[in-house]
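This briefing is for a reader who has not seen this structure before. Please look over the sequence and the model first.

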Amino acid sequence: MEIVIQLVLLTVGFVMLVKGADWFVEGAAGIAEKFGIPQLVVGLTIVAMGTSAPEAAVSIAAALKKNADITVGNVVGSNILNVLIILGITSVIVTVAVAKSTAVIEIPYMIFITILFLGLGLTGSKITFWEGVILWAAFLLYLGYLFYMSMKKKEELSQEVQDIPVWKLLLCTVVGLCLVVWGSDVTVDAATAIAKAAGMSQRFIGLTIVALGTSLPELFTSVSAAMKGKADIAIGNIVGSNVFNILFVVGTTALITPVVFMKDFLVDTLISAGAGLLLWICVAKDKKLSRCGGIIMLLCYGGYFIYLLQ
């Protein structure tokens with residue numbers, strides 16, 4: 001009976017996370033566009049951070065509750081899911097065009113910070129306060145680059161978003177953020193209880209169930225954006241989310257409490273870096289992610305999931 005209750009709570013937590021992230025993205029992206037921020041930058045920042053809010057809230061809450069396996073597993077698992085599953089599904093549905101700057105700068109930077117995260121985790125088997133500072137410095141560098149991009153590239157903005165009153169956008173942003181924070185607390189508690197009751201490791205729960213649940217906003221946002229022809233938001237959402245997950249989520253968590261990096265996460269983090277490399281190879285030539293590339297990504301995740309079950 002206890003596990004049934006926890007499954008219900010886990011479902012409720014996911015619903016709160018998804019709906020909260022949806023409202024947060026709608027409000028925050030609308031406000032950003034009113035200030036003339038380009039679509040690509042909106043995808044790499046506001047939308048990426050909004051859809052990564054569940055990962056941030058879940059990971060920080062898990063760390064404070066001393067469930068470090070879920071913290072690292074959620075971030076690494078989400079990053080793998082973002083590339084292999086979400087971009088895989090999105091590109092199978094519709095070919096995703098990729099901006100030149102994304103292929104040349106942003107994707108390689110995502111791969112670099114994944115390797116940096118792995119290196120920091122292996123030194124001392126934990127991410128310390130000062131290593132959190134390093135991650136935050138890399139995050140500020142990323143924000144500086146995006147600010148430069150926003151100044152360099154101005155484009156036409158959607159009238160549909162501009163017609164929404166500012167007070168509604170602000171309300172969506174605040175309510176969405178509250179739902180994300182509350183939902184994250186419910187999700188962490190339920191996932192931890194299920195892991196203990198079912199005899200599963202917190203690593204497996206974090207890399208699969210929690211990672212999938214907190215990645216649903218990215219899935220809905222990317223597919224919707226790609227189908228509406230807003231490819232910059234679709235690909236920028238994923239790349240920006242992965243950068244945000246490592247630099248902000250892990251960096252901020254490490255500033256609060258040391259984040260234990262178990263040796264078991266070595267393979268998972270390498271696969272995360274490999275997924276980024278696969279994405280870069282798929283888009284480097286034609287600056288687009290085709291159905292063929294998407295199928296390869298989905299097959300790769302299938303192999304990874306089989307590895308997790310062993």
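This is a predicted model: local features need pLDDT of at least 70, side-chain atom pairs count only at pLDDT 80 or more; totals for chains, interfaces and linings use all residues.

Residues are numbered from 1 along each chain as its sequence is written, and side-chain values use heavy atoms, with hydrogens and water left out. Helices (H or I, at least four residues) and strands (E, at least two) are DSSP runs, numbered from the N terminus.

**Nonpolar cores**

- A nonpolar core is a set of buried Ala, Val, Leu, Ile, Met, Phe, Trp, Tyr and Cys residues joined through side-chain atoms within 4.5 Å.
- Buried means under 20% relative accessible area, exposed over 50%, and partly exposed in between (1.4 Å probe, protein chains only).
- The largest nonpolar core holds 59 residues, and those with the most contacts inside it are Val83, Leu84, Phe117, Ile127, Leu247, Leu279 and Met297.
- Two or more residues of this core come from each of helix H4 (68-93), helix H5 (100-122), helix H6 (129-152), helix H9 (202-227), helix H10 (231-256), helix H11 (265-284) and helix H12 (291-309).
- The most is given by H10, with eleven residues.
- Another core, of 17 residues, lies apart from this one and has Phe14, Ala53, Val58 and Val180 among its members.
- Contact means heavy atoms within 4.5 Å; leaving out residues up to four places away in sequence, Leu247 touches Tyr109, Ile113, Leu135, Trp136, Ala138, Phe139 and Thr252.

**Aromatic pairs**

- Rings of Phe, Tyr and Trp (its six-membered ring) pair if their centres lie within 6.5 Å; planes under 30 degrees apart count as stacked, over 60 as edge-to-face and the rest as tilted.
- By this rule there are twelve aromatic pairs.
- Tyr109 and Tyr142 are stacked, because their ring centres are 6.0 Å apart and their planes are at 0°.
- Tyr109 is in helix H5 and Tyr142 in helix H6, so this pair ties together parts 33 residues apart in sequence.
- Tyr109 counts as buried at 16% relative accessibility, and Tyr142 is buried with a relative accessible area of 4%.
- Phe129 and Trp130 make an edge-to-face pair, with 5.2 Å from centre to centre and 85° between the planes.
- Phe129 is partly exposed at 41% relative accessibility, whereas Trp130 is exposed at 63%.
- Trp136, Phe139, Phe244 and Phe248 are linked into a cluster by ring pairs.

**Helix contacts**

- Axes are lines fitted to C-alpha atoms, for helices over the stretch in contact, and angles run from 0 to 180 degrees between N-to-C directions.
- Angles under 35 degrees count as roughly parallel, over 145 as roughly antiparallel, 65 to 115 as roughly perpendicular and the rest as oblique.
- Ala, Val, Leu, Ile, Met, Phe, Trp, Tyr, Cys and Pro count as nonpolar, Asp, Glu, Lys and Arg as charged, and the others, Gly among them, as polar.
- H5 and H11 have axes 10 Å apart and pack at an angle of about 170°, which means that H5 is roughly antiparallel to H11.
- Residues of H5 including Ile107, Pro108 and Phe117 meet residues of H11 including Gly276, Leu279 and Trp280.
- The contact of H5 with H11 has 16 nonpolar, four polar and no charged residues.
- The axes of H11 and H12 cross at roughly 170° and come within 11 Å, so H11 is roughly antiparallel to H12.
- Among the residues making this contact are Asp268, Leu279 and Cys282 of H11 and Gly293, Met297 and Tyr304 of H12.
- The contact of H11 with H12 divides into eleven nonpolar, one polar and one charged residues.

**Single residues**

- Most residues other than glycine have a negative phi.
- Ser125, a residue other than glycine, has a positive phi near 60°.
- Ser125 is placed in the loop between H5 and strand E2 (126-127) and is partly exposed, with a relative accessible area of 32%.
- Lys287 is not a glycine either, yet its phi is positive, at about 55°.
- Lys287 lies in the loop between H11 and strand E4 (288-289) and counts as partly exposed at 28% relative accessibility.
- Asn242 is in helix H10 and is buried, with a relative accessible area of 3%.
- Not counting residues up to four places away in sequence, Asn242 touches Asn79, Asn82, Val83, Met110 and Ile113.
- Asn242 and Thr114 are 8.7 Å apart in space, C-alpha to C-alpha, and 128 residues apart in sequence.
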